[in-house]
Amino acid sequence: MDWNSWLPLWVVLSSLLPGLLIFTLAEDRYVLRTSLNMGGVLLKLGLVGWMWQGVKAGQDYYFELPFLPGAPLVLHGDALSMQFVLLSSVLWCVTTLYAIGYLEGSPLRSRFFGYFNLCVSATVGLALSGNLVSFVLFYELLTLATFPLVVHRGTAAALKAGRRYLAYTLTGGTVLLFGAALLHSLIGSPVFMPGGYLQPLLAEHSGVLTLAFVLLIAGLGVKAALLPLHGWLPEAMVAPAPVSALLHAVAVVKAGAFGIVRVVYDVFGVEVMQQLDLGWLLVVLASSTILYGSWRALQQQDLKRRLAYSTVSQVSYVTLGVAMLGPVAAIGGLVHLVHQGVMKITLFFCAGNFAETLGIHKIQELNGVGRRMPLSSTAFTLGAAGMIGLPATAGMLSKWYLATGALEAGYPWVLLVLLGSSAMNAMYFLPLLYRIWFLPAAPWPQERVLSNRFETHWMLLLPPVLTAALVLLMGLLAGTDISPLSWSKLIVEREFSYD
Amino acid sequence: MTEWTLWLWPGASYALPQGPMVFWFGFTLLLWCCAALYSMQTIQSRKRLYWISFVLAMLGNLQLLLAQDVLGFYLGFALMSLSAYGLVIHRGDKTARQAGRLYLQLAILGELLLFAGLLLRVDAAEGALLIANLQSIELTPLTLTLLLLGLGLKAGFFPLHIWLPLAHPAAPVPASAVLSGAMIKAGLLGLWQFLPAQDPLLVSWLPGLALLALGSALFGALIALLHQSSKVVLAYSSVSQMGYMLLALVLYWASPLELQTAATWLLVGYCCHHALLKSALFLAAGSVNHYRLSTWHGALLLWPLLSLVALPLSSGAMVKYGLKQGVSESSLPALPLLDALLAFGALCTALLALHWLRLAKAQWQLPGPSLPGTASLAWGILVLASLSMPGWFAALRPQWLASLSFSAVLAALWPVALALLLHWGWQRSGWQLAAAWQQPRSPALGWSLWLKAGYQSRSRALPVLRLPAWRQSERWLNRRLATESLLPGVCALLLSLLLLLWLLSG
């Protein structure tokens, strides 16, 4: 067997195996558990880095396992999947560090980290899936692996949120399954390919294809938090901070958004989408989600809830960019997949730090945090600036490409949506920054001393500082070869250059 | 041209300033250095906030001058605008916070408009990101409006000035000096660089812009007379002077190709002249307010004022002469009207200068600590630079020499003499404005408050306001969406699916 064809499997296994081992560990095996966690994360990072430069050089990584009749389990590393795999491995690395610091001394850590690793395996598997059937499989696994994380605290609120999460995502998953099955019954499950594989069916089955598209998008839209299906996301913020960070930035919502990218580009393909005239539907849906999410975020008084609604809004940028079906808009959407992840994870890390160190949950309690926790507050500021799309941050570039793409693809009104959303982002983030930096501090709700040297435990501090630096670097060094922007351009080059 | 393309954001490109831009860059840098020097011993509270904002705003300002690409300019512009917020609210009292809020709201609005304008321009140029590549692309009414508003909000001419007379006096003195001297010029620079001269649409708008510019010049100077705080008077004077600079820009846009270089030099010369004298005046206002001064400081205080009213030999006389000459040689319609407005403007400026002088005199030699040496040095450098400007700004030397001719001297002196007479008469008669007219409160603060109500967090201290009907139904809808939207929808979906499968199998 060729080493290259095993690589995708190893990328998935590098977190699956440590995860399974961690389940068997006793609660007090801190060192072993941590080394398994970090070892798995670093090994995965190395493998993904290796694979990344291979894909860049044009290498093909393809792994196949018989699974269902006519639908093998395929793991395939192409440019698009590498975008998501790389994002999840890098952010998983920092989140693991954060989670170790966050959960120090709390019960049930083996269970937590076990599911945590299962969750990354499912995400990476989903990113690498080479056909629709494998995608659905990993999509469901992801739902199951994240549920224990959402209800980890076991409180009544957590269980309620968990139930709603499960209700939404399982029904979404079922609908997705039906969509996939419908397509499978028509043409089987070929490997994802740029330009899609449904062209031959277009003449005869256009009605069924439209139905399949609606089913697939409805199923994926649950996780991507598209407008009527977003209800679970703001509730799920009762989960511990690292889980929220991960739900919002990498795993769940991104899985939905990534699925939409796959369906639009590699199942249906731009031409079929245009002939079925389905793009505008998704554009309208995404635009209304963007505005609605921002509008709702404006009304929230709870920090994490506000961030959650902001996610509802920001993830739809990805859908929007993809749905407009133009190459430049696609760059914007794909690069926002990464940018939004890094920015939002920074914000959630910081919100977690404020809650853990000072007991801050409400926005009114943020007054004067900047002086007490300068590094976290700086990271928060950078993340928020990115969300607004201020220059020099990553968010500005996504906005620029999305807006240029909108003009190019013939949706000039989308520019207004983007500007309106930016304005609302400024309205709900800048007052926070004003409170953090310029208002005098009130007594903290519940202060804990987590470190004598730093403002909080170093494991809680390092991750947001790193990701905030990334927000800035991804914006400033976007022209370099290793930036997400260049990689998105590469993806678009490969996705749009089929014939 | 030395130009570097860097591996930063897409299209990033820098160039050393050249030709007139050398002077623009030079006065900006000088202003920032002098402001820093002045701040060293005069800023005593909230130092960290002050210096972080100061340095970031400075970096932004220099970045936008050096950048040759659209995104680089936008980056510098935004960095400068937003960091200056920290300078505006530095004092921390209610007035400063209100001014800061309005400033920030309009800064964000300006950013968004500028973003849209630049984006549409770049799109029209098919993705070219260099500013130079945008010059051959024709403007549309939409892009022209967006750019005029987005950049004009920073430049602060009437009617986009509403934040300026609140924000500039609220900031600490050295910060006001750079705000008025360097930062608002960035808006003008943007207009100059992004709107191509000779563009047919722009040319058709020029008469209107010229009137707007002169209107701003008169409005600023007249409103300033109603105010009693020396820094507010200076801020309105900036509004007025930005009008003149906009006029110089209009002349540049209106000038035929062969005269464009001369028009450029006039524009840069005016900006340089105003930057130096206005920052010196702000430092003077602050020094008089808070410190005991020596007699020789009086000279430092007077000279920029004389330059402001364009007394012969000063740089003011040089640029004003250039402006008059430019207007009379230009192809703008309604020339006599413009000429008359210019003369009236000179009278208003002279009245403003006398008004300011009276305010400064009232505070002269109040007890207080003596002015620190670094502050005196910074102030002195600026005055010296302003004083010697006719010497080193060689491109306008012909205008300077021409402004020394008898008729020009006469034309420059009569408004001053008339203003002296009016001012003297006013002082003699002891006539006071009606109280309703004095220190008019800007309506913009109300608008800012109204906007704030849209996004502020509800406070427990305030009674809960009754929501308007549409907001109540929206809340109801939100609840329904969150709790009950999913299951019926999915059931319907599944039913339709079963129906379909049944149809297919049949």
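In chain B, 80% of the contacts with a separation of 6 or more link residues 24 or more positions apart, a contact being a pair of residues whose C-beta atoms, placed from the backbone, lie within 7 Å. The model is predicted: local features need pLDDT of at least 70 and side-chain atom pairs pLDDT 80 or more, while totals for chains, interfaces and linings use all residues. Residues are numbered from 1 along each chain as its sequence is written, with chains lettered from A and ligands numbered from 1 in the order in which they are written.

Chain B holds 20 helices and 2 strands, taken as DSSP runs numbered from the N terminus (H or I, at least four residues, for helices; E, at least two, for strands). Its radius of gyration is 26 Å, close to the 23 Å that the globule rule gives for 506 residues, so chain B is as compact as a globular protein of that length. Here the radius is taken over C-alpha atoms, and the rule is 2.2 Å times the number of residues to the power 0.38. The C-alpha atoms of chain B fill a box of roughly 105 × 60 × 45 Å along the principal axes.

Turning to the interface, 34 residues of chain B are in contact with 39 residues of chain A. On the chain B side, α3 (70–88), α4 (94–124), α18 (444–455), α19 (469–484) and α20 (486–505) each supply at least two residues. The largest share, 7 residues, comes from α4(B).

Key
Contact = placed C-beta atoms within 7 Å.
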